[in-house]
Protein chains: 2
Amino acid sequence: MIEALKESYGHIFEDALINEIAEVGSFKEVPEGYKLMDIGQYIKAMPLLISGAIKVMREDKDSDELLLYYLEKGDTCSMTLTCCMGDAISEIRAIAEMDTTLIMVPIQKMDEWTAKYKSWRNFVFDSYHHRLNELLQTLDSIAFDKMDMRLVSYLKEKARINKEDIIHNTHQEIAYDLHSSRVVISRLLKKLEQMGKIELHRNYIKILEL
Amino acid sequence: MIEALKESYGHIFEDALINEIAEVGSFKEVPEGYKLMDIGQYIKAMPLLISGAIKVMREDKDSDELLLYYLEKGDTCSMTLTCCMGDAISEIRAIAEMDTTLIMVPIQKMDEWTAKYKSWRNFVFDSYHHRLNELLQTLDSIAFDKMDMRLVSYLKEKARINKEDIIHNTHQEIAYDLHSSRVVISRLLKKLEQMGKIELHRNYIKILEL
DNA sequence: AAGCCTGTGTAACTTAAGTTACTGTCTGTG
DNA sequence: CACAGACAGTAACTTAAGTTACACAGGCTT
């Protein structure tokens, strides 16, 4: 575990902190699709991502979904961070986008490390900063962009996260993530294909250039 | 200044911290409409609200606006918090919703206090938690609600913040906040009036029951 | 009082997005 | 192989929201 930690977090945390993390943290490997956190659950550990990616979603009362952002190597979930002090409840759902490895740290350590290690403070505040900004970007795209633009951004981001130019999703799944309907997504995808930007296939989409 | 601090923050900060804040902080009174922060500006102090309210907005490239949330007594701007470590740039605009008093604390103190005072850590993490959740709520309403619902929520929140059942705004101003058009807002307001929920007047709206 | 500006009301139209419904096609399973 | 179920294409329609255009009223200035 120490090696994994050093590789992903060695450049930000000092050795003493790395050792502390290794001591109390538990290594976890989860498969694609694994639900790490759901809305309404209590949060008792914070995740440090080692490899893979996690998809963070929001859901409303009618169980309409919406993709917020992805977490990657070196990221943590800021939602968790806020909860270390009071025992708060998750407002989001987190699902492994691919096979993912992470280290779970009991939140009791949070306060102690925040006082003790400057690098930990930096990390925590940085995480917040990134997460807030990503949330703002998501909000921008919903508030200011039309669905066709949102779809293009979605495909780009998905390709970036998965590191390949093939999107392994059905139109229905994309519709859920963007909180739209399958027919609308099919329609817009067709347009993108006619513009020569993508190739449509059953169960997958090949990105040519967006 | 000590008295103002004690009144608004005495129940969360210990005396030693209150004294430190009073030492380095500067008291500031700003009139309604005063622009405290704009997009792209560098952040060099963090605000602690004593009285009044601040409206936090987002703007895109085409200078379309969108209201994010309000800050009130006891709140601080989490956007600022993230910037204490690196010198980051504001992603938002902050405008005084009414005459407002606040204490500006130089961000150099941030890191020191975070290490030193548990109550400060609690406050900072709490702020993040609230801000993230408000951002999520704003996002929810944009993603999941229709404009009529958003308008009702807007009127309610505005009345709550200003502590009166009269909204002193033109339809155009409301349209800007909700990132919509004047005609659409007039139309929906008219419907609300016909339902007996509000009374429309020139330059103001009286809320009956929403 | 005349003129002007701002704010509001309303009609008519356009457009993006959502909805319903039906087709065809691919694929895995019995 | 046949069939069921999941997936995708498409047409026709509805609806919320945005747009354009114009009328009119209140309040201010000259």
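**Note on a predicted protein–DNA model**

1. Four residues touch the most other members of the largest nonpolar core, which counts 66 residues: Ile54(A), Ile103(A), Ile54(B) and Ile103(B). The model is a predicted one.

2. With neighbours within four places in sequence left aside, Ile103(A) is in contact with Met1(A), Leu5(A), Ile21(A), Gly25(A), Ser26(A), Phe27(A), Leu48(A) and Ile50(A).

3. Chain A as a whole holds eight helices and ten strands. Its radius of gyration is 19 Å, close to the 17 Å that the globule rule gives for 210 residues, so chain A is as compact as a globular protein of that length. Along the principal axes, the C-alpha atoms of chain A fill a box of roughly 55 × 35 × 30 Å.

4. As for the interior, 31% of the 210 residues of chain A count as buried. Of the contacts in chain A between residues at least 6 apart in sequence, 69% join residues at least 24 apart.

5. Between the two protein chains, 32 residues of chain A are in contact with 32 residues of chain B. On the chain A side, α3 (78-81), α4 (108-116) and α5 (118-144) are the elements that give two or more residues. The most come from α5(A), with 16 residues. By class, this side of chain A has 16 nonpolar, eight polar and eight charged residues.

6. DNA strand C is surrounded by 20 residues, and the closest are Lys146(A), Met147(A), Ser180(A), Val183(A) and Thr170(B). Two or more residues each come from α6 (147-162) and α8 of chain A and from α7 (171-177) and α8 of chain B. The largest share of this surface is that of α8(B), with six residues. Its residues divide into six nonpolar, seven polar and seven charged.

7. DNA strand D has 19 residues around it; here the closest are Thr170(A), Lys146(B), Met147(B), Ser180(B) and Val183(B). The elements supplying at least two residues each are α7 (171-177) and α8 (182-194) of chain A, along with α6 (147-162) and α8 (182-194) of chain B. Five residues, the largest share, come from α8(A). The classes near DNA strand D are six nonpolar, seven polar and six charged residues.

Key. Residues are numbered from 1 along each chain as its sequence is written. Chains are lettered from A and ligands numbered from 1 in the order in which they are written. This is a predicted model: local features need pLDDT of at least 70, side-chain atom pairs count only at pLDDT 80 or more; totals for chains, interfaces and linings use all residues. Two residues are in contact if their C-beta atoms, placed from the backbone, lie within 7 Å. Helices (H or I, at least four residues) and strands (E, at least two) are DSSP runs, numbered from the N terminus. Ala, Val, Leu, Ile, Met, Phe, Trp, Tyr, Cys and Pro count as nonpolar, Asp, Glu, Lys and Arg as charged, and the others, Gly among them, as polar. A nonpolar core is a set of buried Ala, Val, Leu, Ile, Met, Phe, Trp, Tyr and Cys residues joined through C-beta atoms within 7 Å. A residue is buried if 20 or more other C-beta atoms lie within 10 Å of its own, exposed if 12 or fewer, and partly exposed in between; C-beta atoms are placed from the backbone. A residue is near a molecule or strand if its C-beta atom, placed from the backbone, lies within 6 Å of it. The radius of gyration is taken over C-alpha atoms; the globule rule is 2.2 Å times the number of residues to the power 0.38.
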